[in-house]
Amino acid sequence: TEDWVVASIKYSKRTCGTEDQFTPSFIDQRINNILFYRNRLVFLSDSSVVTSNAGDFTNFFPSTALTVSPSDPVDVEATSNYTANLYSGIQINNALLIFGEYNQFLLTTDSDIFSPNTAKLSQVSSYKFDTKSDPFIIGTNIGFIGNTKDSSSMYEMTNIFREGQTDVVEKSKPISNSFANDYCMTSSSKETGLITLGKKGSDTIWLYKYFKENSQSDLQQAWFKWKLSSNVNYQFIDGNKHYVVTDSGELLCNDLESDVYQDNGVDYEMKLLLPTFYVLKNEQSSFKADTTSSLIIHRMYLNTGESNFYTINIDRFGKDPYIVNYEQSIQDEYEAGSEPVTVEREQSIPLYERNTSLDVSITSTFNGPFTLYSLRWEG
């Protein structure tokens with residue numbers, strides 16, 4: 001068994017110098033966050049970054065007033081043209097990336113030793129940061145949440161070096177009209193390539209799925225959302241499981257890598273609205289959609305994973321919509337008592353309609369799981 005003790009900490013006392021000489025900047029100031037970096041405890045207080053002695057987390061005073069020791073505490077100030085109050089941070093390689101409300105700073109050193117003489121705090125970008133959130137890992141890059149009065153934004157930061165500005169890309173642009181503000185509960189999993197974003201008091205969780213070739217290139221990325229039976233109070237990822245604590249007191253758990261369909265006693269409906277199909281042209285190592293061509297979609301092919309029963313909803317401009325149900329599992333093809341799920345199959349969907357006059361959606365309910373690996377079309 002393990003014992004946990006929650007109590008106040010007895011900090012080390014000043015043993016040299018005067019109060020005017022050696023007083024940490026967080027004294028009589030608000031402490032916004034507590035981090036660890038280079039075997040030091042780090043306090044973010046207003047615009048100051050204050051660290052403890054190396055290896056001595058409760059000592060914020062130097063050992064002597066005659067000289068500066070490499071293990072002495074570091075106390076540096078963030079300076080900028082804007083308010084530089086600091087709220088959160090995350091460690092990357094040999095540096096600490098610190099987030100202010102309007103600026104981002106890098107705490108690092110040009111030397112092998114991090115000390116009061118070698119510590120540097122330099123600004124690397126100027127983006128609005130949601131102070132109620134925390135930065136998170138996206139593969140080998142860093143993600144963070146920005147917000148405005150009406151919406152939130154998710155950014156990915158790359159090329160984080162000591163010198164020069166970093167590269168920041170808004171990854172939530174495809175859902176900018178639906179991504180409401182205050183989605184500040186973030187959690188990420190490098191193993192599953194998944195980021196979840198929740199908002200207290202909302203029944204919707206946004207998820208961002210990515211698969212990276214390297215730090216600068218995404219082979220695949222997608223946004224989708226889960227709508228729960230009650231509002232979210234807290235959500236997080238632990239290993240390969242995603243947990244949600246709801247306002248009604250429920251604890252929901254979803255296995256992100258499960259090979260077996262599990263209902264967990266909760267009904268659900270999955271709905272996927274497919275985009276408009278266009279012919280793509282290869283131009284200078286990138287693909288652009290030809291939106292001026294006349295394109296008739298004859299049929300599309302769904303390459304499915306573990307699936308059973310799902311519905312294709314086809315809406316055609318100026319014509320009656322129609323619905324087609326597909327059951328992947330074939331009778332007498334699975335053992336009694338086992339899940340009636342087909343592991344892999346390609347399903348042909350006849351359409352024969354102009355691409356701009358066609359809306360196709362896929363729905364799946366509690367009665368049948370649906371997994372889509374890829375899609376192709378002919379026209």
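This is a predicted model: local features need pLDDT of at least 70, side-chain atom pairs count only at pLDDT 80 or more; totals for chains, interfaces and linings use all residues.
Leaving out residues up to four places away in sequence, I found V49 touching V42, F43, L44, V74, D75, V76, L86, I98, L107 and L121.

Next I looked up the core around it. V49, I98, L107 and L121 touch the most other members of the largest nonpolar core, which has 17 residues. I noted that β1 (31-37), β2 (40-45), β6 (95-100), β7 (104-109) and β8 (119-125) each supply at least two of its residues. There is also a second, separate core of 16 residues, with L274, I312, L351 and I362 among them.

Then I went through the aromatic rings and got 24 pairs. I picked F26 and F43, which sit edge-to-face, 4.9 Å centre to centre with 75° between the planes. What does this pair tie together? F26 lies in the segment before β1 and F43 in strand β2, so the pair links parts that are 17 residues apart in sequence. F26 is buried at 12% relative accessible area, and F43 is buried at 3%.

I also checked Y208 and Y210, a stacked pair at 6.0 Å centre to centre and 25° between the planes. Elsewhere on my list, the charged end of R376 sits over the ring of Y301, 4.2 Å from its centre.

Last, I looked at an open sheet of 4 strands, ordered β13-β14-β15-β16 with antiparallel pairing. Its edge strands are β13 (185-189) and β16 (217-227), and the twist averages 15° from one strand to the next. I found 5 bridges joining β13 to β14 (residues 194-198), with S189 opposite L194 in β14.

Technical notes. Residues are numbered from 1 along each chain as its sequence is written. Side-chain values use heavy atoms; hydrogens and water are left out. Two strands pair if DSSP finds at least two bridges between them. Axes are lines fitted to C-alpha atoms, for helices over the stretch in contact, and angles run from 0 to 180 degrees between N-to-C directions. A nonpolar core is a set of buried Ala, Val, Leu, Ile, Met, Phe, Trp, Tyr and Cys residues joined through side-chain atoms within 4.5 Å. Buried means under 20% relative accessible area, exposed over 50%, partly exposed in between (1.4 Å probe, protein chains only). Contact means heavy atoms within 4.5 Å. Rings of Phe, Tyr and Trp (its six-membered ring) pair if their centres lie within 6.5 Å; planes under 30 degrees apart count as stacked, over 60 as edge-to-face and the rest as tilted. A charge sits over a ring if NZ of Lys or CZ of Arg is within 6 Å of the ring centre and within 35 degrees of the ring normal.
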